[in-house]
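Subject: Structure for you to look at

Hello,

Here is the structure I promised to pass on. Please open it first, then read my notes below.

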Amino acid sequence: MEKNKILFILTGSISLYKMSYVLSHFMKLNFEIKVVMADSAKKFINVSTVEGLTHQKVYTELYENGHNMDHIHLVRRADL
């Protein structure tokens, strides 16, 4: 059975303090999670924390060389 895929797009907000709980919960439910973090989100939660929770690379720059289409691919692959 294929895992359900979730895409989280994080921006700067004090509500991110609960994000590690949410990510951990969905990982226990066997979801595959990809995360995009805006610069403002990195002021509230560390990229390495999110990578550790999801076991996935966190996308912080969607238009870096060689990855110009990531913003499209990430959305297309997500179920939620």
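**Surface and overall build**

The accessible surface of the chain is about 5,400 Å², and carbon and sulfur atoms account for 54% of it. Such areas come from the Shrake-Rupley method with a 1.4 Å probe, and for residues only the protein chains shown count as cover.

A word on the source. This is a predicted model, where local features need pLDDT of at least 70, side-chain atom pairs count only at pLDDT 80 or more, and totals for chains, interfaces and linings use all residues. Residues are numbered from 1 along each chain as its sequence is written, and side-chain values use heavy atoms, with hydrogens and water left out.

The chain has three helices and three strands. Along the sequence they run β-α-β-α-β-α. Both are DSSP runs, numbered from the N terminus: helices are H or I with at least four residues, strands are E with at least two.

Of the 80 residues, 30% count as buried. Buried means under 20% relative accessible area, exposed means over 50%, and partly exposed is in between (1.4 Å probe, protein chains only).

**The cores**

A nonpolar core is a set of buried Ala, Val, Leu, Ile, Met, Phe, Trp, Tyr and Cys residues joined through side-chain atoms within 4.5 Å. The largest one here has 15 residues. F8, L10, V35 and M37 have the most contacts inside it. At least two residues of this core come from each of β1 (5-10), α1 (19-28), β2 (32-37) and α2 (47-54).

Take F8. Leaving out residues up to four places away in sequence, F8 touches M19, V22, L23, F26, I33, K34, V35 and V36. Contact means heavy atoms within 4.5 Å.

Another core, of five residues, lies apart from the largest one. Among its members are L7, V36, Y59 and L74.

- H25 lies in helix α1. It counts as partly exposed because its relative accessibility is 36%. H25 and L53 are 28 residues apart in sequence, yet 9.7 Å apart in space, C-alpha to C-alpha.
- N30 lies in the loop between α1 and β2. Its phi is near 70°, a positive value in a residue other than glycine. N30 is partly exposed, with a relative accessible area of 46%.
- H55 sits in the loop between α2 and β3 (58-59). Its phi is near 60°, again positive in a residue other than glycine. H55 is exposed, at 63% relative accessible area.

Best wishes
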